[in-house]
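Me: I'd like to go through some labels on this model and ask where each one comes from. Can you show it first?

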Amino acid sequence: MYISLCIFKRDSTIDFRLFVDMPEIEEYAKEPLKYAIYTGFISGSKDLGGLYMYPKKGTTRVELASMLMRFIEADHPKANSAA
C-alpha cells in the first residue's frame with residue numbers, strides 16, 4: 001500500500017467531469033476520491049447512460065465489502081493467488 005501512495009501524485013489527473021453528478025462532490029472529498037479512483041478502489045456507478053459517484057448516497061454493505069477486498073488485495077497480492 002505504501003508503494004501506491006508513493007506512486008500516486010497529488011496532481012494526477014482524474015477528470016471529475018466524467019461524472020454526471022460532479023457538482024455534488026464536495027471540494028474536501030476530491031483529493032481522496034482521486035486516490036480511490038486512481039488505485040481502483042472505487043469507480044463510480046454506470047446508471048441512466050452516465051457515470052455517477054453518488055456522493056450524497058450511503059454506502060451499501062456490498063459496496064463496502066468490494067472496497068475492502070480491493071484494498072486488501074492491493075496490499076497483499078499473494079492472498080489473491082492462494083485461492
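Reply: Here are the labels, one at a time. This is a predicted model, where local features need pLDDT of at least 70, side-chain atom pairs count only at pLDDT 80 or more, and totals for chains, interfaces and linings use all residues. Residues are numbered from 1 along each chain as its sequence is written, and side-chain values use heavy atoms, with hydrogens and water left out.

Me: Why is leucine 48 called exposed?

Reply: Buried means under 20% relative accessible area, exposed over 50%, and partly exposed in between, with a 1.4 Å probe and protein chains only. Leucine 48 has 76% relative accessibility, so it counts as exposed. Its phi is near 50°, a positive value in a residue other than glycine.

Me: And why is tyrosine 54 called partly exposed?

Reply: Its relative accessible area is 27%, so tyrosine 54 is partly exposed. Tyrosine 54 also has a phi near 50°, positive although the residue isn't glycine.

Me: What makes phenylalanine 71 partly exposed?

Reply: Phenylalanine 71 comes in at 37% relative accessibility, so partly exposed is the label. You'll find phenylalanine 71 in helix α3 (helices are DSSP runs of H or I, at least four residues, and strands are runs of E, at least two, numbered from the N terminus).

Me: How do you know what kinds of residues line the largest pocket?

Reply: Ala, Val, Leu, Ile, Met, Phe, Trp, Tyr, Cys and Pro count as nonpolar, Asp, Glu, Lys and Arg as charged, and the others, Gly among them, as polar. Sorted that way, the lining has eleven nonpolar, six polar and six charged residues. A pocket is an open set of points on a 1 Å grid over the protein atoms alone, where a 1.4 Å probe fits, with protein on both sides within 12 Å along at least five of seven lines; lining residues have an atom within 4 Å of a point. Helix α3 gives the most to this lining, with four residues.
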